Amino acid sequence: MRLLHDLLGSAGSRSVAEPAPWPSFVADDHTPVEFSLSFLRSERPELRFLVERLAPDVNAGRATRWFTEQLAHRYGLALDRFDAVAGLFLPAQPRGRFSLWHAVVLRADGRHHFKVYFDPTARGEDRAPALVAAALERLGLGAAGRTVVAPAFGPGPRPDRFMFFSLDLHAGPLSRTKVYVAHHGAGPADVERTTRAVPAAVPGAAAEFCRLVGGGQGRFDARPLLSCYSFLGDDGDSPSGYTLYLPIRDYAPDDKVARDRVATLLERNGADPMVLDRALNSVAHRPLAAGVGLISYVSLRMGLRPAVTVYLSSEAYRTSAEPAGARP
Ligand code: TRP
């Protein structure tokens, strides 16, 4: 709790009855925090949270950068890679949806992991591919990154878009760099093709995941599927990890149906859906079948530490079962 308080800063003691000071893109109802549960094979599930440190306006780059430094100092984090690319993603006049997000993974062994997220569209949507390419170059990942920033890259009928650029903030060879790409209008066979760029991906797993979690959806043309390519410092010519994200809230009629699909997925991966049910009970202010949105995304990670992760909306400001404005 102390950690969450550190991350949220003064926003942590705001009442949810007050209007949100800034419409965060972290969650659909603009709550600046999102929880997730990661189910790893034969390990205890990990609790994680993603936070947008609230700042009074969009020109928050400097404030949040200072905050990253404070976290690094307090928790002994490594900022060398952050410093190498921050100048690219934190312009004086940001044009993206956010400046910096922070996430923490609570590890069973007490060595919590911190991550930071940048917005590739910080200098405008059209400059995102060049920005991502430049950042990968600065981190010595130019060759490995070529697969995800090549002009012809992407499986769907419409161009792919860069969504996030993320860095692990711990020192050492397992500290990752991640590039998130949205595949507008893609289907299971399309994403299956994207995983060919990643040797560690399990053939067939991405398409199967889409079919199960997407409830047989042929094309994901509401909110897009996302690919996350993950790089380690010594990755030669391809990313070493791949994660597929499916925005289940757009492709399930209600949260009960979403929960049942995720429970099946967890069981197939040797995990216990009880933990998910406990988490859903603790965030739900309503019956699961009365709305949709409590589970925002479900993801499947391949490569190092394979996992299924479930992202939970806190619906702190508003639940999808009530009309906008029902709770201010
Ligand atoms: N709310 C944003 C979205 O829906 C960002 C986001 C929050 C997100 N949690 C996520 C994206 C988990 C992917 C996975 O895109």
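A polar contact here is a pair of N or O atoms within 3.5 Å; within protein, one must be able to donate a hydrogen and the other to accept it, and residues adjacent in sequence count only if both atoms are side-chain atoms. This is a predicted model, where local features need pLDDT of at least 70, side-chain atom pairs count only at pLDDT 80 or more, and totals for chains, interfaces and linings use all residues. Residues are numbered from 1 along each chain as its sequence is written, and side-chain values use heavy atoms, with hydrogens and water left out.

View 1. One nitrogen of the ligand sits 2.7 Å from a polar backbone atom of Phe25. On the oxygen side of things, a ligand oxygen is 2.8 Å from a side-chain N or O of Arg249, and a polar side-chain atom of Tyr297 is 2.9 Å from an oxygen of the ligand. Taken alone, the ligand exposes 350 Å² (Shrake-Rupley, 1.4 Å probe), and the protein buries 95% of that.

**View 2. The shell around the ligand.** Residues with a heavy atom within 4 Å of the ligand make up this shell; among them are Val26, Glu34, Leu50, Trp101, Phe164 and Arg223. By class, it holds 9 nonpolar, 3 charged and no polar residues. The nonpolar class is Ala, Val, Leu, Ile, Met, Phe, Trp, Tyr, Cys and Pro; Asp, Glu, Lys and Arg are charged, and the others, Gly among them, are polar.

View 3. Arg249 sits in the loop between strand E8 (241–246) and helix H8; helices (H or I, at least four residues) and strands (E, at least two) are DSSP runs, numbered from the N terminus. Because its relative accessibility is 9%, Arg249 counts as buried (under 20% relative accessible area; exposed is over 50%, with a 1.4 Å probe and protein chains only). Its side chain also reaches the backbone oxygen of Ser296, at 2.9 Å. Beyond neighbours within four places in sequence, Arg249 has contacts (heavy atoms within 4.5 Å) with residues including Asp28, Arg223 and Tyr297.

View 4. Pro273, Leu276, Ala279, Leu280 and Val283 are buried in H9 (residues 273–283). They span an arc of only 115 degrees around the axis (taken from the directions from the helix axis to the C-beta atoms), so they lie on the same side of H9. The face turned away from that buried side carries exposed Arg278, Asn281 and Ser282. Cover for the buried residues includes strand E1 (33–40) and helix H8 (255–268). At the start of H9, a side-chain oxygen of Asp272 comes within 2.9 Å of the backbone nitrogen of Met274.
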